2 protein chains.
Amino acid sequence: MINPFTDEYFMKKALNEAEMAFEKGEIPVGAVIVVNNIIIARSHNLTEMLNDVTAHAEMQTITAAANYLGGKYLKDCTLYVTLEPCQMCAGALYWSQISKIVYGATDLQRGFEKMGTQLHPKTTVVRGVLADEAAELMKRFFAERRK
Amino acid sequence: MINPFTDEYFMKKALNEAEMAFEKGEIPVGAVIVVNNIIIARSHNLTEMLNDVTAHAEMQTITAAANYLGGKYLKDCTLYVTLEPCQMCAGALYWSQISKIVYGATDLQRGFEKMGTQLHPKTTVVRGVLADEAAELMKRFFAERRK
């Protein structure tokens, strides 16, 4: 039997969220959190609309997933996010003890890996899934904004 | 004329918030954000009550202060927090470009300074204000919890 639930499958859902951010004039980053192949939280960056630097896609999905699960630890959960998380989001993921993080494009300037933010020892990381699509969306956004 | 608005004055307000957290069974950390000697946001840790690892005192005050100011950057603002911020909160403070952070007790295990989290270049840090009071409250909380 074919398993449709690959990392690419869920990253496409995160990319859909990123496109929704783009349409609102927000830096286009999207995220979903998955447990047992079910999406339990989905969101996109809303820092401009909410006037709130903490309103990154990851932060919103962490809060929503914990609400859905009825507990604050995201064990057996996977976060799919189109851009490498920042220090803040990686710090939140540390506290959540999330099992797996899959990200798309690398953020060479403000990504947590370059910044040296620590994840929880229980967390594994997969990098570069649909990275070109995520990076292309970001490039297109900043090109539009410069116009 | 006597100026009552010292760092100790505002840290006492943050300690009041930490005590409110203690009374609710939350790890006792409190915070206020001040601009022009006016407290524009106050909160305390609510991670247990809200089942949400992102509900640290600092995160809530950052969101509340930006809401009060009508803009996401906390220029000319000072955060007073009873415990050294973690990676997540320091990462949020980085994005906020806050002018000044005053913290009480040092967090040798999970504080941002040991973890190496970067603040915004515009941000200055004052350490150890009413540190003994903040540390004593934490010690008392964990002693109670072990009972």
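The paragraphs below start with conventions, then turn to chain A and chain B.

This is a predicted model, in which local features need pLDDT of at least 70, side-chain atom pairs count only at pLDDT 80 or more, and totals for chains, interfaces and linings use all residues. Residues are numbered from 1 along each chain as its sequence is written, chains are lettered from A and ligands numbered from 1 in the order written, and side-chain values use heavy atoms, without hydrogens and water.

Chain A holds five helices and five strands. Helices (H or I, at least four residues) and strands (E, at least two) are DSSP runs, numbered from the N terminus. Their order along the sequence is α-β-β-α-β-α-β-α-β-α. The C-alpha trace spans about 45 × 40 × 25 Å along its principal axes. Of the 147 residues in chain A, 55% are buried. Buried means under 20% relative accessible area, exposed over 50%, and partly exposed in between (1.4 Å probe, protein chains only).

Now to chain B. Most residues other than glycine have a negative phi. Asp76(B) is not a glycine, yet its phi is positive, about 65°. Asp76(B) sits in the loop between helix H2 (57-69) and strand S3 (78-83) of chain B. Asp76(B) is exposed, with a relative accessible area of 61%.

Leu130(B) also has a positive phi, near 50°, in a residue other than glycine. The loop that holds Leu130(B) runs between strand S5 (124-126) and helix H5 (131-146) of chain B. Is Leu130(B) buried or exposed? Leu130(B) is buried, at a relative accessible area of 16%.
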